[in-house]
Amino acid sequence: MKEPAPKTIYLKDYKVPNFLIETIHLTFDLHDTATKVTTKMKIKKNSDSKEGNDLLLNGEELKFVSAEVSGKVLDSSQYDLQEDTLTILNAPDSFELVINNEIDPTANTALDGLYKSGDIFCTQNEPEGFRRITYFMDRPDVMAKFTTKIIADKKLFPTLLSNGNLVGEGDLDNGRHWVEWEDPFLKPAYLYALVAGDLGMIQDTYTTMNNRKIDLRIYCDKGNESRCFHAMESLNKSMKWDEDTFGLEYDLDIYMIVAVDSFNMGAMENKGLNIFNSVYVLANPETATDDNFLGIESVVGHEYFHNWTGNRITCRDWFQLTLKEGLTVFRDQEFSSDLNDRTVQRIQDVARLRGHQFVEDAGPNAHPIKPDHYMEINNFYTATIYEKGAEVIRMIRTFLGRDGFRKGMDKYFELFDGQAVTTEDFLHAMSVANDNLELTQFKNWYKQAGTPEVTVNWEYKEGSILLTVEQNTPATPNQPVKEAYHFPLGVALLEKDGSSVLKLDLASENGEQPQLDNGVLHIRKKKETFSIKANEGALPSLNRGFTAPIKLIVPYTTEDYLFLMANESDAFNRYEATQVLAKKMIDDILEGREVDSRYFESFELLLNDKNLPAGIKALCLSTPSLTILLQAKEVLEVHKVDKARSELRALIATKLESSIINLYQSLVNELKEYNLDGDSIAKRSLKNTLLGYISKMDSQKTLVFDQFEQANNMTDEISAFSIICNLDDQRTPVAIDKFYKKWKGDTLVIQKWLSALSSSSLDSTYDKVQELEKDAVFNWNVPNLVRSVYWAFSSNKVQFHHESGRGYELVADKIIKLDSINPQIASRIVTSFNDYKRMPSRAQALMKTQLEKIVDHKGISKNVYERADNVLNS
């Protein structure tokens, strides 16, 4: 980067705001390229601040018109206007500030602040988008009551929405009209929202536990109304679940969701007016997969649950982001677990954690769930903040139990409702509600990066098993030395006959009384040993249910894993045994050893186990992803590992062809009629897992094309199509063309088509993605489309890491191009280079050239610079 490096922001430098904004009244006169914004604010000096009376307001990409203090227009000597700030010099202790400015929503391709998604005006203000609307103290600890008046052309924009309750509306001259919305609750600017458009709508009501009727509305592009009903059903379930589980009732008279196509994130919890990426609202069986339906349910729940954990209580500063996101992810995971199969949900949540967050924790952009510095806060909307943050909350719940956790949540709302707080405040509430539970050491989870590696060994001695637990967390950027964590470790014993001993009788070796709650050990030291009464040969079952986000290192033999696959009473650990054993078989292939025949025998037993639920069976029969397999390697020889993985899958398909085909065909017959119930979803998942193995059978491959042709739902159609995209077969181009012609008019489905093609392991993918970029369905200004092509390609390890380096060059060039349009999305694609230091030397040299090109590019954003520079210099 030729310019000076962007400024780093530090948690230690936090100061309370020197002024507080009590109320804000916004008036928007909407225009595509010249929207006029008038902002009236009642402001007073903050008695807790020791700073002076210069009021600094943030503002970006704004055209300043004028400012008034208590009715007097300011001249240029009374304010200081810079590119990204407006400072009112020597402001009074109490006053009304009026600011007039203009913005250009059409030119706002970064999709922060007020912008156009197609013909719809909409906003995205988290974390710092409000400063692109007007000048404001754009920080989460400045909370005000918002009122909004919107003026627009009535024919073009008959629907005008904002936060809170509708308090006024009327017609104006020249075909224009106005509405006014008032939100009675204090909120920071990042929760502000505005929408204007000619929208379709579905409507429902929800009666709360206190018999209040809430008006529920979902808005979308006209013609898509019939695809909103699952989202509405999910909203009703979310409201009921939060009342039943946490006693939390909705607090406004109306709850609105708006679906838009151009959106940087999944959804946004703006108070009373959620704005959603359309992929998390619109669904029917013909266009949406089972995963889409479940994803909608989860995201609708997540954003609704934010009403209390994020909106009513928000973050003091952005370093506290996991306070709302980790907690709310935990809540949405529990919601999905209660509505669906809890074990499947847990396995899938952990798979996402390992596939994304463990990788992040081991890379150059590793950071704690509560970072202590950043250049660009948008770069910290990460798997660490969200998924690892949720696991930290889950550990607290494990320590406290369900009742204790509920008491802690009640205390949290009692103490901090309506405030902007910190993670320490949350832990304080949990502690005081539960007999002052000691959580000092537990705070290491908030301040340390990295995934703990926990080695467990055992030996038998005089009727007991001595269990030694040793924890070590590898160094991460800026944190070479780690303190010991306090975490729960679920433990049981499996007897030789396969029975489980869940209630353990234990005493520590050193005479201290260990803490054991419901089969969960409290681990606090770098190394400690526990003595458990046990029969000779009993096998420890460890980290049951994945009680802690750790990497477990145990001396299990192949025989032990085979025993666990057949006898483990903890469903998560049974799944875990299948995955670890598959890794061992892939390592054998890499080392030139023959795969143990007992593996195929155990695999077939799983296939034919009629007592194993279909959803769990599908997961147990899956092969670890390439990303997961590479985590254990010091040097990432991507293509060798991928080849070995493919070879194992081919061996399974060849040796167990009859059993696989028989089970697949029975599921095809059973699932002729489409249903969206949990049992059908699980069986489709199993059927499509088997289809992946069938694609490895030369004599049966036609079944993949048959399913594609005959599918009566998108789950089956896209599952078959994604497999077909990886087949070097003369029928593949025909299927690609057929899918395109059938669905090119539906942007959500065509995103699946783009992603499947961009994720293909075939060498033709490199040329194909460049063709896709030129197709009429692609648009650089729509994040979903960019993600479907270049995020998918950069995540396609086989082609991104092509030995020629062409994948690195292509992605680097697209990052630079995209950065000038949407820095947030460009920055996320930079993470594909995170493996730089672990690649073979030749690949490192090729990656380095591209990374240097990115950081040295003139005008590169701080979003992209921060991540790329971290990769280069970690």
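User: At roughly what angle do the axes of α21 and helix α23 cross?

Analyst: Bearing in mind that this is a predicted model, the axes of α21 and helix α23 (residues 806–819) cross at roughly 145° and come within 10 Å. The crossing of these two helices, α21 and α23, is left-handed.

User: Which residues of α21 and α23 meet there?

Analyst: From α21 the residues are Val786, Tyr790, Phe793 and Ser794, and they meet Gly807, Leu810, Val811, Lys814 and Leu818 in α23. Sorted by class, this contact of α21 with α23 has six nonpolar, two polar and one charged residues.

User: And what about α21 and helix α24, at what angle do their axes cross?

Analyst: The axes of helix α21 (residues 783–795) and helix α24 (residues 823–830) cross at roughly 15°, again coming within 10 Å. An angle under 35 degrees counts as roughly parallel, and α21 and α24 are therefore roughly parallel to each other. As for handedness, α21 passes α24 in a right-handed crossing.

User: Which residues in α21 meet α24?

Analyst: On the α21 side they are Pro783, Val786, Arg787, Tyr790, Trp791 and Ser794, and on the α24 side they meet Ile825, Arg828 and Ile829. By class, the contact of α21 with α24 has six nonpolar, one polar and two charged residues.

User: How many residues of α24 are buried?

Analyst: Seven of the eight residues of α24 are buried, so that the helix is mostly covered. Those buried residues are Pro823, Gln824, Ile825, Ala826, Ser827, Ile829 and Val830, and they pack against α21, α23 and α26 (862–873).

User: Switching topic: in the largest nonpolar core, which residues touch the most other members?

Analyst: Phe426 and Phe833 do, out of the 284 residues in that core. Helix α5 (residues 383–416) gives the most to this core, contributing 14 residues.

User: What is Phe833 in contact with, leaving aside its neighbours within four places in sequence?

Analyst: With those neighbours set aside, Phe833 is in contact with Phe800, Tyr808, Val811, Ala812, Ile815, Met847, Gln850, Leu851, Ile854 and Val871. One of these, Val811, has already come up as a residue of α23 that takes part in the contact with α21.

User: I also noticed Gln751. Is it buried or exposed?

Analyst: Gln751, which is found in helix α19 (residues 747–758), has a relative accessibility of 8% and counts as buried, because the cut-off for that label is under 20%. Leaving aside neighbours within four places in sequence, Gln751 is in contact with Asn784, Leu785 and Ser788.

User: Last one, then: which residues of helix α16 are buried, and what covers them?

Analyst: In helix α16 (residues 702–710) the buried residues are Leu703, Val704, Phe705, Gln707 and Phe708. What covers them includes α14 (657–670), α15 (678–694), α17 (714–724) and α18 (732–743).

User: What does Phe708 touch?

Analyst: Not counting residues up to four places away in sequence, Phe708 touches Glu717, Ala720, Phe721, Ile724, Ala735, Lys738 and Phe739. The relative accessible area of Phe708 is 5%, and it is buried. The C-alpha atoms of Phe708 and Ala720 are separated by 5.2 Å, although the two residues are twelve residues apart along the chain.

Definitions and conventions
Residues numbered from 1 in each chain as written. Predicted model: local features only at pLDDT ≥ 70, side-chain atom pairs only at ≥ 80, totals over all residues. Heavy atoms only, no water. Axes fitted to C-alpha atoms, helices over the stretch in contact; angles between N-to-C directions. Helix = DSSP H or I, 4+ residues; strand = E, 2+ residues; numbered from the N terminus. Parallel < 35°, antiparallel > 145°, perpendicular 65-115°, else oblique. Left-handed = near helix turned anticlockwise from the far one by under 90°. Contact = heavy atoms within 4.5 Å. Nonpolar A, V, L, I, M, F, W, Y, C, P; charged D, E, K, R; others polar. Core = buried A, V, L, I, M, F, W, Y, C linked by side-chain atoms within 4.5 Å. Buried < 20%, exposed > 50% of the residue type's maximum accessible area, 1.4 Å probe, protein only.
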